[in-house]
Amino acid sequence: MLPTLLRSPHSKALLIRSLATEAIASNPDVTPLPPPGPPRNSKPRTSLYPHPRPAASRTHSPLPKLPPTFGQNQLLPVSNATRTLLESIVAKFDAPVRYAFAYGSGVFEQDGYDSGAERPMLDFIFAVTHASHFHSINMHQHPSHYPLHARTFGSSYVTRMEEIGPGVWFNAYVPMNGVMIKYGVTTVDNLCSDLLNWRTLYLAGRMHKPLRIIKDDARVRLTQQVNLTSAVRAALLTLPDEFTETQLFERIAGISYSGDPRMWLPAENRSKVSNMVRKQGPQFKELYYRLVVGLPGVQWPSHSATIQQDTTPHARAAHLKKLPSNLLGRTKDNFGRSDPEIQTLFEADESAYWSRLAGDEKLRPILEQEMSGIVRYPATVQTLKGVVTAGIGKSVRYSAAKMQKWWRGRGQ
């Protein structure tokens, strides 16, 4: 339903304005909307650090200007050398990119990687307005980024392949500016849909972890804040009344890996989540601290690594009701299958229904089961699709690298 609504500019504007109002109202770091900005002929800010580069045009956005402090937690700093490298790579693309970010061990350090070894491949995601337009321009500028069969069939074929599964096309093992990169291409509509309702958790899950924004977009900034808050709510519903910040971060980071087939095959480091959190704790805290303390019933003193939460059914129901629509719908259906009469309670007393679900001891395993179910199919499809999008040679090379990580992870 949501993707259909988002195709209408008027409906899209109403939906996003509604989300903006709720997100801004619930964000403790947001100040009221500022007065109109300076005249257009005023001198623009030249420094991009630590703020990312804005998109070239805002004519596509139905959003009013977000408050300057909104989503500041998303603007994670990196070293000047890394920032310059990432921005110079994205600047090499002539095709229009509305939102771009870099992620992974090539951007933020992780345990389990040999600092003396070859630098990890840099991972990017580009969100564009029209995928076919982007690939047409990019295939002309960078034909070597695409396998032979993709160049033969053209940008329309690439776009159709992109739309399968989670809606991403990857070009891997691309040498640029002295490093090796991999970049995925998706549409802004697909990205925002996943961030809002966790349709596949493929992109939303990646964006639960630290990332460096290179090109920013107001609509994505808003929906990403909703995505991060949803990750906190889902994690809190699976944690006890007292836990550590490391447990919280590992629970959040593990959402997108819970049903990923690569975690059960020799294709991924089994210790990836703990390695990531161990090295990127400060970045995780910057992402989530203000969101966590802004939720009712949660106490997290700034000087402490211990978090406490109210786990009464009433308090948990407040989190449960606001989970992304796909996860919430699957959870309700799961409870309904085990107890067909529970739907009658929903129709008779909605408040009692939510408290009943939130206080049920099966809530945690059901949530974990349904999040794994959301991840499993699109992650499997994307893994299989990688053979087509990357070509046989690059697929073998990529799989060999993943098997090495898996082998290292066995000893950790």
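Predicted model: local features only at pLDDT ≥ 70, side-chain atom pairs only at ≥ 80, totals over all residues.
1. When its neighbours within four places in sequence are left aside, Thr 200 is in contact with Pro 166, Asp 194, Ile 374, Val 375 and Pro 378. Thr 200 and Gly 373 are 173 residues apart in sequence, while their C-alpha atoms are 9.3 Å apart in space.

2. For helix 6 (residues 155–163), the buried residues are Ser 155, Tyr 157, Val 158, Thr 159, Met 161 and Glu 162. Just after helix 6 comes Gly 165, which takes a positive phi of about 70°.

3. In helix 10 (residues 245–253), the buried residues are Glu 245, Leu 248, Phe 249, Ile 252 and Ala 253. They cover an arc of only 125° around the axis, which puts them on the same side of helix 10. An α-helix has 3.6 residues a turn, so residues three or four places apart point the same way. What do the buried residues of helix 10 pack against? Their partners are helix 9 (218–236), strand 7 (242–244), helix 11 (272–293) and strand 9 (306–309).

4. Helix 9 and helix 11 also meet one another, their axes coming within 10 Å and crossing at roughly 70°. Since angles of 65 to 115 degrees count as roughly perpendicular, helix 9 and helix 11 are therefore described as roughly perpendicular to each other. On the helix 9 side the contact is made by Gln 225, Leu 228, Thr 229, Ala 231 and Val 232, and on the helix 11 side by Leu 287, Tyr 288, Leu 291 and Val 292. By class, this contact of helix 9 with helix 11 has seven nonpolar and two polar residues, with no charged residues.

5. A further crossing involves helix 12 (residues 313–320) and helix 15 (residues 350–359), whose axes come within 8 Å and cross at roughly 100°. Helix 12 and helix 15 are therefore roughly perpendicular to each other. Helix 12 contributes Pro 313, His 314, Arg 316, Ala 317 and Leu 320 to the contact, and helix 15 contributes Trp 354, Ser 355, Leu 357, Ala 358 and Gly 359. The residues of this contact of helix 12 with helix 15 divide into six nonpolar, three polar and one charged.

6. Turning to the whole chain, the protein has 17 helices and nine strands, and of its 412 residues 53% count as buried. Among contacts between residues at least 6 apart in sequence, 75% join residues at least 24 apart. The protein exposes about 19,100 Å², of which carbon and sulfur atoms supply 56%.

Technical notes:
Residues numbered from 1 in each chain as written. Heavy atoms only, no water. Axes fitted to C-alpha atoms, helices over the stretch in contact; angles between N-to-C directions. Helix = DSSP H or I, 4+ residues; strand = E, 2+ residues; numbered from the N terminus. Parallel < 35°, antiparallel > 145°, perpendicular 65-115°, else oblique. Contact = heavy atoms within 4.5 Å. Nonpolar A, V, L, I, M, F, W, Y, C, P; charged D, E, K, R; others polar. Buried < 20%, exposed > 50% of the residue type's maximum accessible area, 1.4 Å probe, protein only. Areas by Shrake-Rupley, 256 points an atom, 1.4 Å probe, with all protein chains shown as cover. Arc of directions from axis to C-beta.
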